[in-house]
Amino acid sequence: MTESTVKTYPMPVADGSPKASETLLDLRNLSVSYQMAGRQLKAVRNVDISLRSGEIVALVGESGSGKSTIGHALMGLLRYEDKVTVSGTAVLRCKDGVTRDLFAISDREMKRVRGNDISIVFQEPMSSLNPLHSIGHQITEALLAHRKLGRNEARERVLYYLRRLGIPNPEQCMERYPHQLSGGMRQRVMIAMALCCESKLLVADEATTALDATVQAQIIDLLKSLQAETGMTILFITHDLGVVSEIADRAIVLYAGQIVETAGTKELFDNPHMPYTRALFDAIPRLGSSLMKDYELRGIPGRAPSAFERVGGCSFHPRCAYATEACRATMPELDATQRGHLVRCLRWKELQLGGCDEFAAARR
Ligand SMILES: Nc1ncnc2c1ncn2[C@@H]1O[C@H](COP(=O)(O)OP(=O)(O)OP(=O)(O)O)[C@@H](O)[C@H]1O
Ligand code: NI
């Protein structure tokens, strides 16, 4: 497939209609360890994620569960750090039709993949924007680094995406410096910057977390329509199951670096099988408490184990109301239920956890 051109702007160009069954990314057996003070910190453990073209898949879990680490591994950002070990394979079907293992290709090839085939919205917009350059300068330069475009073309494209993101006066916004924008505006700029490259895969890491509920809903609607127009695939990282219900076709629940449950969004909300997922439903931020800073899981005591202090048996057992001797002794495998639902709990068959009706009813 040839690379899409920008001739038809202001309409975005779909690079091929989404073919639901086509695998875009096949991530297998990803493990990531950080070395800290001579100790191994296992942040991600044997994670498999397969993304089909055109899907929006949520990666959800508490702070420290390893979500960003997975995103950074996919973007090839961990390869430059010497205290990080990444193992596994991540086979991506690139725009040129070639499939590549992102963990095996050279830095040079990875540089081409980044911004062409995968883009990321970083969790911390301030740390990824350069305070010394205007928004227009850095977003245009980022685009030109990945694409052979004329300056005017690039500018048009940047303006188009800033406008799509609901930035009131995009020309003026281009002139501004990061510190002159509100947190919400910076977040929109970051999303526009990632969308500009029109990659097939967008990793959105807490992309709407810093925004108030109304703006969050707008941006989610916008991402959904852009997804439908372009056929891109989105890996949407969030700690908030409420957001998952708004945007995702499928959800992957992560606990202490491991996948503990995965299912279609509706199925997960109707039929959670893992006590941790059920607890996350109760932790869905209600109106007025949408920030993650001080949230804790209501109804379950304790906190997630740090990546140093791995517990034996099921990782969740110290906080689980249903844990038995067996749960303390045996680490459960992922077990398949129906309709592609996977769950890591020894007791899922006997537990009747009940769905999240309250939230399902509130879904738009
Ligand atoms: N560069 C690093 N060096 C050492 N440890 C790290 C590094 N980055 C992350 N970690 C650790 O790895 C684990 C997973 O972190 P990660 O940022 O992937 O979690 P997360 O799910 O994205 O959390 P949050 O919701 O807070 O963003 C945590 O225990 C974290 O402290
Ligand atoms: Ni994170």
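Let me start with the surroundings of ligand 1: in this predicted model, 16 residues surround the ligand, and the closest are Ala43, Ser63, Lys67, Ser68 and Thr69, where a residue counts as near if its C-beta atom, placed from the backbone, lies within 6 Å of the molecule. Strand S1 (23-36), strand S2 (39-52) and helix H1 (67-74) are the elements that each give two or more residues to this shell, and H1 supplies the largest share, with three residues; helices (H or I, at least four residues) and strands (E, at least two) are DSSP runs, numbered from the N terminus. By class, the shell holds 10 polar, five nonpolar and one charged residues, with Ala, Val, Leu, Ile, Met, Phe, Trp, Tyr, Cys and Pro taken as nonpolar, Asp, Glu, Lys and Arg as charged, and the others, Gly among them, as polar.

Now the wider chain. An unreviewed UniProt entry places the feature "domain: ABC transporter" at residues 27-281, and over those residues the chain is 40% helix and 27% strand.

As for confidence, the protein chain averages a pLDDT (the predictor's confidence in each residue, from 0 to 100) of 85, and 85% of the residues score at least 70. Over residues 1-19, however, the pLDDT is below 50, and over residues 287-296 it is also below 50. Where pLDDT is low, the predicted coordinates should not be read in detail. The model scores ipTM 0.99 and pTM 0.89.

Finally, residues are numbered from 1 along each chain as its sequence is written, while chains are lettered from A and ligands numbered from 1 in the order in which they are written. Local features need pLDDT of at least 70, side-chain atom pairs count only at pLDDT 80 or more, and totals for chains, interfaces and linings use all residues.

How values were computed. UniProt positions renumbered as here; feature names shortened; annotations may be inferred. Contact = placed C-beta atoms within 7 Å.
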